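Look at the sequence and the model below.

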Amino acid sequence: MIDHFNLPVADLECSSQFYSAVLKSLDMKLLMHDKDAVGFGKEFWEFGIVLEPNNTTKIHLAFVASRREQVRRFHSNALKAGGLDNGSPGLRPEYSPSYYSAYIIDPDGHNIEAVCRY
């Protein structure tokens with residue numbers, strides 16, 4: 001349904017380092033970097049961060065994980081990269097019986113999740 005998404009960040013370099021480490025666990029890589037934006041994806045730009053130093057709106061964003069191990073690596077890599085724990089990896093049966101996810105607060109205060117539904 002959505003081709004790509006761009007997340008506003010206050011410090012492009014800090015967020016670029018954070019998301020490079022975190023998205024590696026979901027098999028995404030850095031595809032493009034310029035002075036105002038950084039793009040990540042598997043083959044094409046799927047997720048980007050864009051410099052918006054005055055943005056104060058915090059959002060929730062969930063990335064698809066194909067395996068539960070990816071959710072665990074996402075959480076671990078995010079903590080190592082400076083993210084704050086907002087929900088350790090585990091089942092969330094209140095969403096569905098097989099909903100397995102983890103939550104992190106990124107450097108800008110966004111609530112970032114990885115979720116596997118299998």
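Strand β7 (residues 100-105) is mostly covered, since five of its six residues are buried. Buried here means under 20% relative accessible area, exposed means over 50%, and partly exposed lies in between (1.4 Å probe, protein chains only). Strands, as well as helices, are DSSP runs numbered from the N terminus; a strand is a run of E with at least two residues, and a helix a run of H or I with at least four. This is a predicted model, in which local features need pLDDT of at least 70 and side-chain atom pairs count only at pLDDT 80 or more, while totals for chains, interfaces and linings use all residues. Residues are numbered from 1 along each chain as its sequence is written, and side-chain values use heavy atoms, with hydrogens and water left out.

Which strands pair with β7? One is strand β6 (residues 84-91), which pairs with β7 in the antiparallel sense over five bridges. Two strands are said to pair if DSSP finds at least two bridges between them. The other is strand β8 (residues 111-116), which runs antiparallel to β7 and is joined to it by six bridges. Ser 101 of β7 shows both pairings: it is the bridge partner of Gly 90, and it also stands opposite Val 115 in β8. β7 and β8 form a hairpin, with five residues between the two strands. Gly 109 lies in the turn of this hairpin and has a positive phi of about 90°.

Strand β4 (residues 47-51) is another mostly covered strand, with four of its five residues buried. Strand β1 (residues 5-9) pairs with β4 in the parallel sense, over five bridges. Strand β3 (residues 37-41) pairs with β4 in the antiparallel sense, over four bridges. β3 and β4 form a hairpin with five residues between them.

Gly 48 has its place in strand β4. Is Gly 48 buried or exposed? Gly 48 counts as buried because its relative accessibility is 0%. Leaving aside neighbours within four places in sequence, Gly 48 is in contact (heavy atoms within 4.5 Å) with Phe 5, Asn 6, Leu 7, Val 38 and Gly 39. Leu 91, by comparison, is 43 residues from Gly 48 in sequence and 28 Å from it in space, C-alpha to C-alpha.

Next come the charged side chains. The structure holds two salt bridges, a salt bridge being a side-chain nitrogen of Lys or Arg within 4 Å of a carboxyl oxygen of Asp or Glu. In one of them Asp 36 is joined to Lys 35, and the closest N and O atoms are 2.9 Å apart. Asp 36 counts as partly exposed because its relative accessibility is 37%, whereas Lys 35, at 66%, counts as exposed. The other salt bridge links Glu 69 and Arg 72, with the closest N and O atoms 3.3 Å apart. Glu 69 and Arg 72 are three residues apart in helix α2 (residues 68-80), so about one helical turn separates them. Glu 69 is partly exposed at 35% relative accessibility, and Arg 72 is partly exposed with a relative accessible area of 37%.

Grid points are joined across faces, edges and corners, and a volume is the space filled by probe spheres set on the points.

The largest pocket holds about 460 Å³ of space. Its lining is made up of 17 residues, and those nearest its centre are Ile 2, Glu 46, Ala 62, Phe 63 and Val 64. Strand β5 (residues 60-64) gives the largest share of this lining, four residues. The structure also holds one cavity of 30 Å³ or more. Among the residues lining the largest cavity are Pro 8, Val 9, Glu 52 and His 110.

Methods:
On a 1 Å grid over the protein atoms alone, a cavity is a set of points where a 1.4 Å probe fits but cannot get out, and a pocket is an open set with protein on both sides within 12 Å along at least five of seven lines; lining residues have an atom within 4 Å of a point.
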